[in-house]
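Me: I would like the labels in this model set against their cut-offs, one at a time.

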Amino acid sequence: MRLPIIHHPDYQAPLRDNHSFPMSKYGYLREALKARGLLSDTDRLSPAPASEAMMGRAHAPDYVSRAFAEALSVEEVKRIGLPQTPRVLRRSRLSCAGTLLAARFALETGIACNSAGGSHHARHEHGAGFCLFNDVAVAIRALQREGGLGPFLIIDCDVHQGDGTARIFRHDPGVFTLSIHAASNYPFEKTRSDLDIALPDRTGDAAYLNALRETLDRVAAEGPFAMVFYNAGVDVHGDDRLGRLSLTDEGIRARERTVISWARAQNLPLVGVLGGGYDADRERLARRHAILFEEAQKALSV
Ligand SMILES: [Zn+2]
């Protein structure tokens, strides 16, 4: 079976050349996925931008309406770290709708991936850390509203804590939030997920994978769940500008296999989202992000 991959060319929005957010990785990832035969221009699955009402179920309506009107304050824009432009707004709306669309496909096929998303620092009432809206939260709120599906599990393996997601769902017994991250990394004031695994700097592949397997065993006891959202941030890599956990490409591949096979063993539909990655070499970074898609396709092919 072919892995459903949600993609939109406008996942990449124009930024000034020296901007610290590696926006071009979305274009490089598209090329990498095409080169691997995983994505084609003819049968691309693309979302339509998420509406204001849809965003307002995961975020404060006042924040959403000001973001849609490009009327956020200077401080709010600074906390997000991306400029307030129509294309940046469009990108975030597409990314949220893309994660929801991936969830719909995952219910059919068992696994589906969004080639963007993982905006886990965006909170209910404001954005932060390159995240305008929280795509996973927006998707879960939409599914909850439709009813019949739940509870949800979020496995967040980005090197940074999924603080926005944890806060949005902290009083929601229908969503279990797990974050495995570097203890010493942003956000420096951590919030509480349902389960946080804070790892020391330079953890490395073997210790990381042990911690992951142990954690997944613990989480299985919290289930059963109806669906898992997996944030596969590759900023855990040793070469990443913002990472501290010293994983290798092979370590990341083993991580994706571990999470995917864990979900498959429980017949749990898995929605993969991209998450962070900040390697200065954007092509190398895109290849690293492509590992998730390669492993997801392999799991669907057996
Ligand atoms: Zn990150």
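**Labels and their criteria**

Reply: Strands β3 (residues 152-156) and β4 (residues 175-182) run parallel and are joined by 5 bridges. Helices (H or I, at least four residues) and strands (E, at least two) are DSSP runs, numbered from the N terminus. The model is a predicted one, in which local features need pLDDT of at least 70 and side-chain atom pairs count only at pLDDT 80 or more, while totals for chains, interfaces and linings use all residues. Residue numbers start from 1 along each chain as its sequence is written.

Me: Why is β3 called largely enclosed?

Reply: A residue is buried if 20 or more other C-beta atoms lie within 10 Å of its own, exposed if 12 or fewer, and partly exposed in between, with C-beta atoms placed from the backbone. In β3, 5 of the 5 residues are buried, so the strand is largely enclosed by the rest of the structure. Phe152, Ile154 and Asp156 are on one side, Leu153 and Ile155 on the other, and both faces are covered.

Me: In what order do the strands of the open sheet lie, and which are the edge strands?

Reply: The order of the 7 strands is β1-β2-β7-β6-β3-β4-β5, with parallel pairing. β1 (5-6) and β5 (195-199) are the edge strands, since each pairs on one side only. Further in, β2 (residues 111-114) and β7 (residues 270-273) pair in the parallel sense over 3 bridges, and Cys113 stands opposite Gly272 in β7.

Me: Why are α5 and α6 called oblique?

Reply: Angles under 35 degrees count as roughly parallel, over 145 as roughly antiparallel, 65 to 115 as roughly perpendicular and the rest as oblique. Axes are lines fitted to C-alpha atoms, for helices over the stretch in contact, and angles run from 0 to 180 degrees between N-to-C directions. Helix α6 (residues 135-146) packs against α5 at about 50 degrees, with the axes 8 Å apart; the two are therefore oblique to each other.

Me: Which residues of α5 and α6 meet?

Reply: Ser95, Cys96, Thr99, Leu100 and Ala103 of α5 meet residues of α6, including Val138, Ala142 and Leu143. Contact requires C-beta atoms, placed from the backbone, within 7 Å.

Me: How do you know that Ala221 is exposed, while Glu70 and Phe130 are partly exposed?

Reply: Ala221 has 6 other C-beta atoms within 10 Å, so it is exposed. Glu70 has 13 and Phe130 has 17; both counts lie between the two limits, so these residues are partly exposed. Ala221 is in the loop between α8 (205-220) and β6 (227-231), Glu70 in the loop between α3 (61-68) and α4 (74-80), and Phe130 in the loop between β2 and α6.

Me: What makes the backbone of Glu70 and Phe130 worth a note?

Reply: Most residues other than glycine have a negative phi, and most peptide bonds are trans. Glu70 has a positive phi of about 50 degrees, and phi of Phe130 is near 70 degrees. The bond joining Gly150 and Pro151 is cis, with omega about -5 degrees, and the one from Gly223 to Pro224 is cis, with omega near 5 degrees.

How values were computed: Pairing = 2+ DSSP bridges. Contact = placed C-beta atoms within 7 Å.
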